[in-house]
Amino acid sequence: MRNLLYLLTGIILVMASCNLKKQPSDMFVVSPDRNIKVKFYLTSSGQPAYHVSFKGKPIIDESTLGFKLKDALPLKNNWELVTKNLHEFNETWEMPWGEQLEVLNHYTELVVGLKETKEPNRIIRIVFRVYNDGLGFRFEFPRQEAIDTVIIMDENTRFNLTGNHLCWWQPGDWDIYEHLYHKTRLNEIDALQFQNHKNLAQSYIPENAVNTPVTMKTDEGLYLSFHEANLTDYAGMTLKIFKEQFLLQSELVGSDRLGYKVKRSTPFETPWRTIQISETAGGLIESNLIVNLNEPNKIGDVSWFKPTKYTGIWWEMHLGKNTWDYAGGKHGATTNNAKKLIDFSSENGIGAMLVEGWNTGWEIYVAADGRKGKFDFVTPYPDYNLKKVVKYGKRKGVELIMHHETQGAPENYEKNLNEAYQLMSDLGIHTVKTGYVGTIIPKGEYHHGQYMVNHYRKVIETAAKYKVAVNAHEPIKATGIRRTYPNAISREGLRGQEFNAWSSDGGNPPDHLPNVAFTRMLAGPIDYTPGIFNIKLNPYKPDNQVNTTLAQQLALYVVIYSPIQMVPDLAKNYERQPAFQFIRDVGVDWKQSKVLNGEVGDFVTIAREERETGNWFIGSITDENPRTISIILDFLEPGVTYDAIIYADGPKAHWDDNPIDIEIHKKEVHNQTELTINLAPGGGFAVSVMKK
Ligand code: NOJ
Ligand code: CA
């Protein structure tokens, strides 16, 4: 079993543990490399507070912690320290699939036990884990006489920044993450201007707050990113901006239906509040803080899920060529179409195929009265023979990816969950793409509140029982739970490629993915669906287009990580295209990943080594600015000669004027080879480096 392979390379070293009666002095916990230092203390009013420095310079000034509760006094002042425990932990664990095989999990932990000096004398613990790449802290509410149920109206965790940092942010939307990223100084963040966005099926931005991850750069050139890890039975966190004080404060997603943000019984713990810290932008991408702060694998062997590329009856619907529904007469998911796509997939070594619009219910996507939940997830349309398609796929080595669009109606989905997954299990289908378009039923709930966090988790847990892996669209954000549930394989949770097909705001601009790589991607795998070759989308969408070059579309298979990568364009658009060879070749499961260079929102170059073969693939992307990138292939095995195929922007390439100008050439390379490649505006390059 995989988890038996976890190597416990370190020992738990109890460095100090004691009971304290008197008000303590400050407590410190430092990262294993001693660069990050966290101070915990109680203010003069007895309120918990912390402070963080990096290499001796403050990065978080005094920041207080507390909660506003319902029917109870706030957790704020009058605490005393009763216990403290400091220890070091060091292990290496294995990802069943991922950006790398082995993950070092090395931290120093401080656990402080606090008790109120006044009635009702409640107790809490605050835990800090400090790594070389950042820190996380969380609150633990032990079982105790004074409180059994805790109703949280607000969590007041503060991050008091030391300057007016440059920020890459998107609005703190309680219902969707499908926003562009904006680059401004902290005191210029204005999320409210994005209320009522015309391209979103649901959106709710109640405060001047940002979604996480939010990434920053200090004037001294240090990179910080704020997020959360292990979001379990709790509301998602946005960060409210206090412009003048350069202050962020947790603003949990609420529920209009219930009137509070979180309800829990003791004992429980909050998600980790995380700060990734790096001297390079690329260091943020290489950081494993978020997965490390999650529990080890709980579901055992997941070898039934194989990382794969997949085609789909999908893009044609977004182009308007076909439809999901049957009644309109342009139904895409027919047995015939599916078989043709299976042939194409099989011929090109693509292991899976998604079919959307296969099941009845798409005619009344949302009824006039707002009612939803018509899907049963088991009944195919009359022109789609599910069993036949599955059988045909099996014969050709192509597994189906099931599609469950819930219409944002989780109760209907939960009602049908077992039957739907039983059908998949009977057919030997191991992956489902789920979707939650539109506002949530029951009314007053939001996609990112505690109610939905629990729904998404229930889906993951139920799916695991049926050996099903989940790729969720309109999901809850990734917070590293893929470590605990490695069947949580990928998710959307960003403005995906589909916006290029239909959004009325010009699609995803050329700097979108250089932003995403340093923000959304820090949270976890992304189902972006790269690889559109018909960049101008003619003849279907003459007013829309993809805003990158063709070479960048290839590069995205390496840059944007996911264990399932779509090959979404119409099959005919890949025919007789030499560039398609890169998609055939590129890996999807990695032994190691290296960020070779990059700057948030500008450009990034990533090299990844494929697990099975030891072949390397390199992707580089730039925003609207052209640039020349030089890289040395010193990560290759010494003494080995490789065949590299370089897919680069041609001399006339430009994301808008000439997106398909591409130059492909072969070259022998080794670990001292330097490659210097020009990237066009909105361009990129992809390189396959395969052992001879
Ligand atoms: C939104 C998803 O992001 C998209 O991929 C899917 O095709 C539609 N919902 C329909 O379920
Ligand atoms: Ca979507």
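**View 1. Pro 120 sits in the loop between strand S8 (102-116) and strand S9 (123-131).** Strands here are DSSP runs of E with at least two residues, helices are runs of H or I with at least four, and both are numbered from the N terminus. The bond to look at runs from Glu 119 to Pro 120: this peptide bond is cis, with omega near 5°. Keep in mind that this is a predicted model, where local features need pLDDT of at least 70, side-chain atom pairs count only at pLDDT 80 or more, and totals for chains, interfaces and linings use all residues. Residues are numbered from 1 along each chain as its sequence is written, chains are lettered from A and ligands numbered from 1 in the order in which they are written, and side-chain values use heavy atoms, with hydrogens and water left out.

**View 2. A cis peptide bond joins Thr 266 and Pro 267.** Omega is about 0° for this one. Pro 267 belongs to the loop between strand S20 (262-265) and strand S21 (268-269).

**View 3. Helix H4 (residues 335-347) packs with helix H5 (residues 386-396).** The angle is about 15° and the axes are 10 Å apart; axes are lines fitted to C-alpha atoms, for helices over the stretch in contact, and angles run from 0 to 180 degrees between N-to-C directions. That makes H4 roughly parallel to H5, a label for angles under 35 degrees. On the H4 side the contact (heavy atoms within 4.5 Å) includes Ala 338, Ile 342 and Ser 346, and on the H5 side Val 389, Tyr 392 and Gly 393 are among the residues involved.

**View 4. Helix H6 (residues 410-427) packs with H7 at an angle of about 5°.** Their axes lie 11 Å apart. H6 and H7 are therefore roughly parallel to each other. Among the residues that meet are Tyr 413, Leu 417 and Tyr 421 in H6, and Met 452, His 455 and Val 459 in H7.

**View 5. Lys 467 has a positive phi, near 55°, in a residue other than glycine.** You'll find Lys 467 in the loop between helix H7 (450-465) and strand S27 (469-472).

**View 6. Ligand 1 has 13 residues around it.** To count, a residue needs a heavy atom within 4 Å of the ligand. Glu 356, Glu 405, Lys 433, His 473 and Glu 498 come nearest. An N or O atom in the His 473 side chain is 2.7 Å from an oxygen atom of ligand 1. For Glu 492, an N or O side-chain atom is 2.9 Å from a ligand 1 oxygen atom. A polar side-chain atom of Glu 498 also lies 2.9 Å from an oxygen atom of ligand 1.

Technical notes:
Parallel < 35°, antiparallel > 145°, perpendicular 65-115°, else oblique. Polar contact = N/O pair within 3.5 Å; in protein donor to acceptor, adjacent residues only side chain to side chain.
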